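Thank you for making time for this.

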Amino acid sequence: MYQVKEAFYTLQGEGAQAGRASVFCRFSGCNLWSGREIDRATAKCTFCDTDFIGTNGINGGKFATATALAEHIAALWPSQSGDTKQHATPYVVFTGGEPLLQLDAALIATLHSHGFEVAVETNGTLTPPPGIDWLCVSPKGSNPLAVTQGDELKLVYPQADAPPEQFSNLGFRHFFLQPMDLVPLNQEKTTVAEATAYCMANPQWRLSLQMHKLAGFD
Ligand SMILES: C[S@@+](CC[C@H](N)C(=O)[O-])C[C@H]1O[C@@H](n2cnc3c(N)ncnc32)[C@H](O)[C@@H]1O
Ligand SMILES: Nc1nc2[nH]cc(C(=O)O)c2c(=O)[nH]1
Ligand code: SF4
Ligand SMILES: [Mg+2]
């Protein structure tokens with residue numbers, strides 16, 4: 001049984017694939033926070049910008065089989081019109097909550113058979129199933145990483161207990177700093193200038209702004 005908070009068609013707003021048309025599938029639940037505000041201060045991850053509780057969002061629900069969820073996701077990809085010369089590869093991004101609590105090899109294989117490339121946004125504390133085409137790891141404080149290689153490492157910045165230097169030798173193709181959005185924490189200060197300064201001083205790192213929030217597309 002897969003529990004999905006919401007699923008929607010949008011553009012990837014973050015990291016190296018920013019701007020790419022994507023179906024987002026947001027699984028319910030996380031291993032680092034209950035999702036309740038009352039627990040935020042004592043959680044293992046304290047700055048989350050997302051509601052991942054339950055299955056009541058747009059196109060959310062409970063899915064008994066990989067086939068049922070894959071068909072639900074595939075139906076959100078636009079049908080290619082007859083005069084389209086170039087055919088874009090359908091792309092699904094599994095996120096959450098923490099997607100590696102639920103994503104399995106059967107669901108990935110079924111999406112491949114529907115022609116999808118499969119991307120994952122994970123906190124890196126759980127071992128991924130085989131078959132993922134694009135793996136984004138976003139470390140959270142001092143929580144130990146189970147994943148030390150992948151396509152991109154996207155660090156929310158600043159985190160006192162997770163400085164970039166701690167990750168710069170890991171086996172990723174791309175390294176991004178994403179300024180911490182303080183709105184969910186009810187704080188005024190912006191972190192964009194700090195992340196910009198770090199990237200300019202340390203050119204291994206690139207800046208990831210959350211395009212969907214700036215442009216307002218989800
Ligand atoms: C909501 S998380 C879900 C996936 C997974 N649990 C994780 O943490 O990577 C999706 C992305 O949003 C980032 N994120 C969460 N809260 C944020 C915030 N306040 N500011 C900027 N990025 C944030 C995460 O680091 C992650 O890259
Ligand atoms: N457009 C858009 N891009 C995103 N990239 C990562 C997101 C996430 O919440 O995992 C996200 C999201 O919530 N929306
Ligand atoms: S690990 Fe990801 S989903 Fe879980 S609380 Fe942190 S940012 Fe949110
Ligand atoms: Mg998000």
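This is a predicted model: local features need pLDDT of at least 70, side-chain atom pairs count only at pLDDT 80 or more; totals for chains, interfaces and linings use all residues.

Let me begin with strand 5, of whose six residues five are buried, so that this strand is largely enclosed by the rest of the structure; by buried I mean that 20 or more other C-beta atoms lie within 10 Å of the residue's own, while 12 or fewer make a residue exposed, anything in between makes it partly exposed, and the C-beta atoms are placed from the backbone. Helices (H or I, at least four residues) and strands (E, at least two) are DSSP runs, numbered from the N terminus. Residues are numbered from 1 along each chain as its sequence is written, and chains are lettered from A and ligands numbered from 1 in the order in which they are written.

What lies beside strand 5 in the sheet? Strand 4, residues 91-95, pairs with strand 5 in the parallel sense over four bridges, where pairing requires that DSSP finds at least two bridges between the strands; within that pairing, Val92 has Val118 of strand 5 as its bridge partner. Strand 6, residues 134-137, also pairs with strand 5 in the parallel sense over four bridges, and here Thr122 is bridged to Val137 of strand 6. Strand 4 and strand 5 also form, together with helix 2 (residues 105-113), a right-handed β-α-β unit, right-handed in the sense that, with the strands pointing away from the viewer, the path from the first strand over the helix to the second runs clockwise.

Now to the ligands, for which a residue counts as near if its C-beta atom, placed from the backbone, lies within 6 Å of the molecule. There are 18 residues around ligand 1, and Asp49, Thr50, Asn123, Ser138 and Asp181 come nearest; strand 5 (117-122) and strand 7 (149-157) are the elements that give two or more residues to this shell. By class, the shell around ligand 1 holds six nonpolar, seven polar and five charged residues, where Ala, Val, Leu, Ile, Met, Phe, Trp, Tyr, Cys and Pro count as nonpolar, Asp, Glu, Lys and Arg as charged, and the others, Gly among them, as polar.

Ser138, one of those nearest residues, is placed in the loop between strand 6 and strand 7, and it is buried, because 20 other C-beta atoms lie within 10 Å. Not counting residues up to four places away in sequence, Ser138 touches Glu121, Asn123, Gly124, Lys154, Leu155 and Val156, a contact being two C-beta atoms, placed from the backbone, within 7 Å of each other.

An unreviewed UniProt entry lists Ser138 under "binding site", along with others including Cys48 and Asp181; such positions are given in the numbering used here, with feature names shortened, and the annotations may be inferred rather than shown by experiment. Cys48 lies in the loop between strand 2 (21-27) and strand 3 (61-63), is buried with 21 other C-beta atoms within 10 Å, and, leaving aside neighbours within four places in sequence, is in contact with Trp33 and Pro184. Cys48 and Trp33 also belong to the surroundings of ligand 3, whose shell has six nonpolar, four polar and two charged residues.

Around ligand 2 we find, among others, Leu11, Gln12, Gly13 and Thr95, in a shell of two nonpolar, six polar and three charged residues. The unreviewed UniProt entry has a "binding site" annotation covering Leu11, Gln12, Gly13, Arg26 and Thr95. They span 85 residues in sequence, yet no two of their C-alpha atoms are more than 14.4 Å apart, so they gather at one spot.
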